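Thanks for coming, everyone. I'll take you through one structure, starting with its charged pairs. Please have a look at the screen.

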Amino acid sequence: HALVRLASTGRYAILVHGPGERGGGNYRLYVERLKSVPMPDVAGMCEGRLDDAGMAHVRFLARKGETVVPHGAGIVEFIDPKGRSRPGWEGCHDIELDGEHYVRVHGAPDAGFRVGVERARLRDLGSDGERADSLAAHGIDEWRFEGRPDEFRRIVLRGERIAMRVIPRDTATGLDERAPLVVLSDREKGGLRRLAFVLGRDGGHRVQVLSRSESSLEYRLSFDVAAVPLALAQPAARELDVGASEFFAFDTTPGQVLRVDVGADAFDPLLRLTAADGRPIGENDDGGGGLASRHGWFVQRGGLVRAQVA
């Protein structure tokens, strides 16, 4: 793929060849012409009219590692400096290449359009605690933190019309590498969003908080690393909020035969068991009689096990 913005009118040619400027077989060539207008200010808006085909393209500069959120009516595509259409999450895009990027807008011929681009604000999440902040319309905050493999983290986001995700700062994964992180739960209820995950690599990670609102809003973000210790043959009595889940942790050794039981009078409990690295061990609902949950297994590998009650 290649995208070239021509500096002047005239006649141009495209040379196609194989490796070493030799041939190699049949090929197909696709060329798309597009006219673009510059974004006057990333903090502002670009206004104009669609062409006779109902199309317009807005260009702006971005650098690798940034996260941007194009917003406006009729946006159908985000194009990188090589001319490739790039998917996004909830309308936001992680920039992989330095250079000019394009937003394609489609609608009725000669209709007016208005498009803007917001860039993520960088924040330091640090360790456990709670953070309070606000987002502009279509704004995005990126909270960064460091971690190590097998670390367990929980995040709770409070705020209306907000989306959240956790991703590594470096998304590249080799064939022999573990996944950057394993999500253990992802629950949303009203203005409350919960996320639990296990890190799969050293280094930086980021929590992106994205506004789905047309106006500014406030939110709170709490962050902790705790799972309740659970001792063998010592039942734990706990209370669970509506729509929430809780995590317990206990150690195992190879050769043990273990069973976990969960019972509750006020709700139907669900049990999930995972290893320290997030690998699933088992899941059960209603296996303990009535609405109670139960899972038993023979321990082969040993190590830390987390039990999630939901």
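The count here comes to 26 salt bridges. By salt bridge I mean a side-chain nitrogen of Lys or Arg within 4 Å of a carboxyl oxygen of Asp or Glu.

Before the details, the ground rules. This is a predicted model, where local features need pLDDT of at least 70 and side-chain atom pairs count only at pLDDT 80 or more, while totals for chains, interfaces and linings use all residues. Residues are numbered from 1 along each chain as its sequence is written, and side-chain values use heavy atoms, with hydrogens and water left out.

Back to the charges. Side chains of opposite charge can pair when their charged atoms come close. Take Arg123 and Asp133. Their side chains meet in a salt bridge, 3.1 Å from N to O. Arg123 sits in strand E9, residues 121-124. Asp133 sits in strand E10, residues 129-135. Strands and helices here are DSSP runs, numbered from the N terminus: at least two residues of E for a strand, at least four of H or I for a helix.

How accessible is Arg123? It counts as partly exposed, at 24% relative accessibility. The cut-offs: buried is under 20% relative accessible area, exposed is over 50%, and partly exposed is in between, with a 1.4 Å probe and protein chains only.

Next, Arg148 and Glu151. They form a salt bridge, with the closest N and O atoms 3.2 Å apart. Arg148 is exposed, at 54% relative accessible area. Glu151 counts as buried, at 15%.

Then Arg238 and Glu246. Their side chains meet in a salt bridge at 2.5 Å, N to O. Arg238 counts as exposed, at 51%. Glu246 counts as buried, at 11%.

There is also a network. Salt bridges link Asp94, Glu142, Arg144, Arg165 and Arg206.

Now the aromatics. How many aromatic pairs does the structure hold? Four. Rings of Phe, Tyr and Trp (its six-membered ring) pair if their centres lie within 6.5 Å; planes under 30 degrees apart count as stacked, over 60 as edge-to-face, and the rest as tilted.

Phe145 lies in strand E11 (residues 140-147) and Phe197 in strand E15 (residues 192-199), so the pair ties together parts that are 52 residues apart in sequence. Phe145 is buried, at 2% relative accessible area. Phe197 is buried too, at 0%.

A second pair is Phe152 with Phe247. The ring centres are 4.9 Å apart and the planes are at 55°, so this pair is tilted. Phe152 is in strand E12 (residues 152-158) and Phe247 in strand E19 (residues 246-252), so parts 95 residues apart in sequence are tied together. Both Phe152 and Phe247 are buried.

And a cluster: ring pairs link Phe145, Phe197 and Phe223.

On to a sheet. It is open, with five strands in the order E18-E19-E24-E21-E22 and mixed pairing. Two strands pair if DSSP finds at least two bridges between them. Which strands are at the edges? They are E18 (228-229) and E22 (280-285), and each pairs on one side only.

E21, residues 270-275, pairs with E22 in the antiparallel sense over five bridges. Leu271 stands opposite Asn284 in E22. Arg272 has Glu283 in E22 as its bridge partner. E21 and E22 form a hairpin with four residues between them. In that turn, Gly278 has a positive phi of about 90°. Also, in a regular strand the side chains alternate between the two faces of the sheet.

Last, the cysteines. A disulfide is a pair of cysteine sulfur atoms within 2.5 Å. A search of the whole structure finds zero of them. Cys46 counts as buried, at 5% relative accessibility. Cys92 is buried as well, at 1% relative accessible area.

That's my tour. Over to you.
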